[in-house]
Amino acid sequence: MARLVESTITFPYRRSLGPVVGAFMTALTEMRILGTRSGDAVLVPPMEWDPRTGAELGNDLVEVGPSGTVESWTWVPNPSAQHPLAQPFAFAFIRLDGATTPLLHAVDAGSPNAMSVGARVAPRWRGERVGAITDIVCFVLGESAEIEGTDAGPASEPVTRMDYEASITYRNPVPVSADRVIEASQEHRLLGQKCPVCERVYAGGRGYCPIDAVELGEGHEVDLSDVGTITNFSIVTPVQYPGQTETEPFVRAFVLLDGSDVILSYQPVIELPATDVRVGQRVVAVWASPAEDSDEGGAMGGTYGRLIGWMPNGEPDIDDPDLVNRIF
Ligand SMILES: [Zn+2]
C-alpha cells in the first residue's frame with residue numbers, strides 16, 4: 001500500500017460581527033444568551049434580517065435561557081478533532097426558554113440512553129470566554145448551568161470581531177516513483193523520468209506523462225544534472241499569517257537543469273542575498289547533510305527529498321533573453 005502524506009491547509013479569517021451578532025458574542029462573555037424579536041417570535045441566535053422574509057429586524061434584543069429543552073438530537077459516537085467535544089456527545093436542537101427557534105449545540109450526556117426529546121439542558125460555560133459560540137463548551141442535562149475551569153469574567157470591551165481559521169486536511173498517497181526520488185536524494189542524485197513516447201523528462205517522481213497518459217516507472221528513470229540556470233524568480237516579503245516561519249524577504253527561483261528541459265519551480269536559494277538574484281545566474285544544488293533535517297514528506301507538487309536549495313557556482317551568467325519564458 002502506498003505511503004500517505006498528510007497536508008493541512010489553513011486560511012485565517014477575521015470578520016466584523018455587526019451590531020446584532022457583536023452584541024450576542026459580547027453577552028456570551030457575560031454568560032448571557034441573547035435573541036432578537038421578530039414579530040411575536042424570538043430568534044436565537046439573533047439576526048439582522050428575518051430569515052423567512054428578508055425584512056430588516058429592529059435591534060430589539062432579549063435575554064433567553066440559559067436553560068432549554070431538547071427538540072431533536074443525534075448521537076456522535078466517534079468525535080473527530082473538529083468536533084466540540086473529545087468524548088461521544090449529542091448534537092441537539094435546543095429551544096432555550098423564551099426563544100421561538102432552536103439553537104444547535106452539543107450536549108455532553110455521557111450516553112445516548114440519557115438523551116430524549118423534551119430533556120432539559122443548561123449551558124456549561126467556558127471559564128475564559130472570548131466572545132464566540134464556543135464560550136458555551138456544551139450543554140449538560142438538568143437545569144443548572146456550570147463553569148469549566150476558573151471564571152475569568154466578561155470581556156473588558158464589546159466584542160466586534162471574530163477570528164476564524166478555516167482548515168482542511170488532505171491525506172494523499174505518495175507514488176512509488178516519488179519515494180524513489182527521495183531515496184536517490186540520499187545519494188545526492190536528482191532523479192527524473194523520461195516518457196518513452198514524447199521523450200519529455202519529468203522531475204519529482206510524477207509517475208506518469210500527462211501528455212501521453214503513459215505510466216512511468218523504474219525503467220524510465222534518468223539522472224538529472226544538479227547544475228542549472230535561474231530563469232525566473234520572485235522575492236517574497238513574508239506576511240506574518242499563522243504558520244509563517246519566515247521573517248525576512250526570501251527568494252523562490254525557477255531552475256532550468258543543464259542537459260534537459262526540466263525546470264524545478266519555487267526553489268530556495270542559499271548563500272545568495274535576495275537582492276543579488278538574477279535571471280541567467282548559474283547555480284548548483286545544495287543537499288542536506290545526513291544530520292540535517294529535511295522535508296521528505298512528499299508534499300503535493302513534487303518533492304526532491306534532501307535537496308534544500310541552490311547556490312551560485314561561480315560560472316558567468318547565461319545571457320539569453322528567452323530564459324524568462326521558461327517557467328515549465
Ligand atoms: Zn510523453
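Predicted model: local features only at pLDDT ≥ 70, side-chain atom pairs only at ≥ 80, totals over all residues.
**Basis.** Local features need pLDDT of at least 70 and side-chain atom pairs count only at pLDDT 80 or more, while totals for chains, interfaces and linings use all residues. Residues are numbered from 1 along each chain as its sequence is written, and side-chain values use heavy atoms, with hydrogens and water left out.

**Domains.** I looked up the domain assignment (automatic or from a database), which gives domain 1 as 18–159 and domain 2 as 176–325. Their centres, taken over C-alpha atoms, are 52 Å apart.

I followed an open, antiparallel sheet of three strands in the order 13-12-16. Strands are DSSP runs of E with at least two residues, helices are runs of H or I with at least four, and both are numbered from the N terminus; two strands pair if DSSP finds at least two bridges between them. Strand 13 (201–203) and strand 16 (221–224) are at the edges with a single partner strand each, so one side of each has no neighbour in the sheet. Strand 12 (residues 190–194) and strand 16 share four bridges, and I found Leu-190 bridged to Leu-224 of strand 16.

**Nonpolar patch.** I noted a surface patch of Ile-9, Phe-11, Tyr-13, Tyr-164, Ile-168 and Tyr-170, with about 590 Å² of accessible area together. Patch residues have over 30% relative accessible area and no salt bridge; like charges are joined within 9 Å, and nonpolar side chains (Val, Leu, Ile, Met, Phe, Trp, Tyr) within 5 Å. Areas come from the Shrake-Rupley method with a 1.4 Å probe, and for residues only the protein chains shown count as cover. Strand 1 (4–16) and strand 11 (161–173) each give two or more residues to the patch.

**Salt bridges.** I counted 20 salt bridges, each a side-chain nitrogen of Lys or Arg within 4 Å of a carboxyl oxygen of Asp or Glu. Arg-3 and Asp-179 form one at 2.7 Å, N to O. Arg-3 is in the segment before strand 1 and Asp-179 in helix 2 (residues 176–186), 176 residues apart. Arg-278 and Asp-317 form another at 2.8 Å, N to O. Arg-278 is in the loop between strand 19 (263–268) and strand 20 (282–287) and Asp-317 in the segment after strand 21 (307–312), so this pair ties together parts 39 residues apart in sequence. I also recorded that Glu-30, Arg-32 and Glu-63 are joined into one network by salt bridges that share partners.
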